[in-house]
Amino acid sequence: MATAAQTDRPASYYRDSIAVRPEQACPPLEGDRRVDVCVIGGGITGCSAALHLAERGYRVALLEAREIGFGASGRSGGQILPGLGTDIATVEQALGREHAREVWELSREAVRLTATLIERHAIPCDLAWGYLHAAVKPRHVRELRQFQERLARDYGYEALDWLEGEALRERVVTDAYPGALFEREGGHLHPLNYTLGLARAAQRAGVTIHEHSPALAIRRGQPADVTTPRGQVSADFVVVGANAYLGRLLPELEGRIMRAANYIVATEPLGEERAARVLPKNDALSDANFVLDYYRLSADKRLIYGGEVSYDGREPRGLQRRMDAKIARLFPALEGVRIDYRWGGDVAITLNRAPDFGRLGHNVYYAQGYSGHGMALAGLAGQLVAEAIGGQSERFDAFAAMPHRRFPGGERLRTPLLVLATAFYKLRDRL
Ligand SMILES: Cc1cc2nc3c(=O)[nH]c(=O)nc-3n(C[C@H](O)[C@H](O)[C@H](O)COP(=O)(O)OP(=O)(O)OC[C@H]3O[C@@H](n4cnc5c(N)ncnc54)[C@H](O)[C@@H]3O)c2cc1C
């Protein structure tokens, strides 16, 4: 099946605004190599894991099937947020209040870690703070306010302010939202430059990166052998950060995630004045619908607007028209604005929308299924994997304890079931 990744036409805005060059070339793997850890996947999960492992003194080889940032990490909306892709009530139900509190605090740490990595490794990725979680209808107003109260009461989280009326219009210039939560600890960045910056930092720490080197099979054992078309890596540990692009590499993980494509457009540069009539404080925003829309400004003042899903890898019909109409409805001043780029990427969704971390045997680690909420969490996942391999697994296990059920049905049935479920939620979004 084609994935959104294969329909990246025209090229994404991110690919056209790369500001980070690799430290050294990343040639395909040729021949046999022996290392301590083989990392599979050159997104944020894999690059962060490789960096943190190398900093701990491990010899690391990273295999990327295409190029660094080819997957979701290089295509994303770039919003970095505390929390998970699921609501905190789901985590509480599964793990209990105390454990949920630990997970929540780790998700905040994920955001801080992102900022620290950017600073420490001087990654030019336009990090900016401020995020709005916007209600679209009265039901959302109630839900968002309850969420704010719950986080303040049970989690001591005070970084959310409720905004409406003029106070909200000072941050987003539209009448479309009856209110929004403003989150001081959320923000946004250029996701591809961030990912490339992590890869460069990993190289500087001693990691060897092999692009165009898909892992075709993992022979489990001690060491484990990872085969690519023209070589093999033998390693004491394997870390898999392939997320929605995993395919059939690890049969044990079949059905634990569902792949869905998500789409983004980037307008022409709006100029300072027009941009200030959209997001005057340069916040990121996503709405509270289940099938949500999200947007932000790029450093050169383009509106980067995301939303819409598909499950068969084909771009939804009329996508461009729908995106144009949404932008014009929110911001009439942008009616007829030129769209310079349109691209898609694949998201890995779990059934409960909490991320899926775990081990297979004692030496294969994986982290996946961030359910559209991985920009910050994936960086933390890499750090926690490195800690666990180093012998301190408590924080990795705080996530790995989350129970996950498989999507029902085989691959053929799973997609129609998810389409049905999403159609239900889309309908609910309209109520
Ligand atoms: C359109 C879009 C918008 C998004 N917006 C946001 C957002 O605003 N905020 C947010 O928090 N999250 C967002 N996400 C989700 C976020 O981008 C992901 O959760 C995160 O980037 C996952 O990182 P990763 O490294 O685990 O996976 P990926 O970045 O997908 O990387 C996986 C890599 O593994 C490689 N690979 C796969 N199989 C193999 C193999 N066999 N051998 C070698 N390499 C392999 C792939 O080529 C790929 O490069 C968005 C995702 C998409 C697609």
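A residue is classed as buried if 20 or more other C-beta atoms lie within 10 Å of its own, as exposed if 12 or fewer do, and as partly exposed in between, with C-beta atoms placed from the backbone. By this rule G307 is buried, with 21 C-beta neighbours inside 10 Å. The structure is a predicted model, in which local features need pLDDT of at least 70, side-chain atom pairs count only at pLDDT 80 or more, and totals for chains, interfaces and linings use all residues. Residues are numbered from 1 along each chain as its sequence is written.

G307 lies in strand β14 (residues 303–310). Helices (H or I, at least four residues) and strands (E, at least two) are DSSP runs, numbered from the N terminus. Contact between two residues requires their C-beta atoms, placed from the backbone, to lie within 7 Å. Leaving out residues up to four places away in sequence, G307 touches L292, D293 and Y294. Y294 is 13 residues from G307 in sequence. The C-alpha atoms of G307 and Y294 are 6.4 Å apart.

The nonpolar interior was examined next. A nonpolar core is a set of buried Ala, Val, Leu, Ile, Met, Phe, Trp, Tyr and Cys residues joined through C-beta atoms within 7 Å. The largest such core holds 128 residues. Within this core, V37, C38, A50, V60 and V385 touch the most other members. Helix α9 (residues 377–389) supplies the largest share, 9 residues. V37 is in contact with L53, Y58, V60, A235, D236, F237, V239 and I389, leaving aside neighbours within four places in sequence.

Two helix pairs were then compared by axis geometry. Axes are lines fitted to C-alpha atoms, for helices over the stretch in contact, and angles run from 0 to 180 degrees between N-to-C directions. Angles under 35 degrees count as roughly parallel, over 145 as roughly antiparallel, 65 to 115 as roughly perpendicular and the rest as oblique. A crossing is left-handed if the near helix is turned anticlockwise from the far one by less than a right angle, and right-handed if clockwise. For residue classes, Ala, Val, Leu, Ile, Met, Phe, Trp, Tyr, Cys and Pro are nonpolar, Asp, Glu, Lys and Arg are charged, and the others, Gly among them, are polar.

The axes of helix α1 (residues 44–55) and helix α6 (residues 191–204) come within 8 Å and cross at roughly 25 degrees. The two helices are therefore roughly parallel. Their crossing is left-handed. On the α1 side, the contact is made by I44, C47, S48, A50, L51 and A54. T195, L198, A199, A201 and A202 contribute from α6. By class, this contact of α1 with α6 has 9 nonpolar residues, 2 polar and no charged.

Helix α2 (residues 88–95) and helix α3 (residues 97–120) have axes that come within 7 Å and cross at roughly 135 degrees. This pair is therefore oblique. The crossing of α2 and α3 is right-handed. I88, V91, E92 and L95 of α2 meet R97, H99, A100, V103 and W104 of α3. The contact of α2 with α3 divides into 6 nonpolar, 1 polar and 2 charged residues. E102 also has its place in helix α3. E102 counts as partly exposed, with 17 C-beta neighbours inside 10 Å. E102 and E30 are 72 residues apart in sequence, and their C-alpha atoms are 43 Å apart in space.

The peptide bond from Q222 to P223 is cis, with omega near 0 degrees. P223 lies in the loop between β8 (217–219) and β9 (224–228). D126 is not a glycine, although its phi is positive, about 60 degrees. D126 sits in the loop between α3 and β4 (128–135). D126 is partly exposed, with 19 other C-beta atoms within 10 Å. H212, also not a glycine, has a positive phi of about 50 degrees. The loop between β7 (208–210) and β8 holds H212. H212 is partly exposed, with 17 C-beta neighbours inside 10 Å.

R338 occupies the loop between α8 (319–330) and β15 (339–349). R338 is exposed, with 7 other C-beta atoms within 10 Å. Not counting residues up to four places away in sequence, R338 touches T267 and E268. R338 and V172 are 166 residues apart in sequence and 21 Å apart in space, C-alpha to C-alpha.
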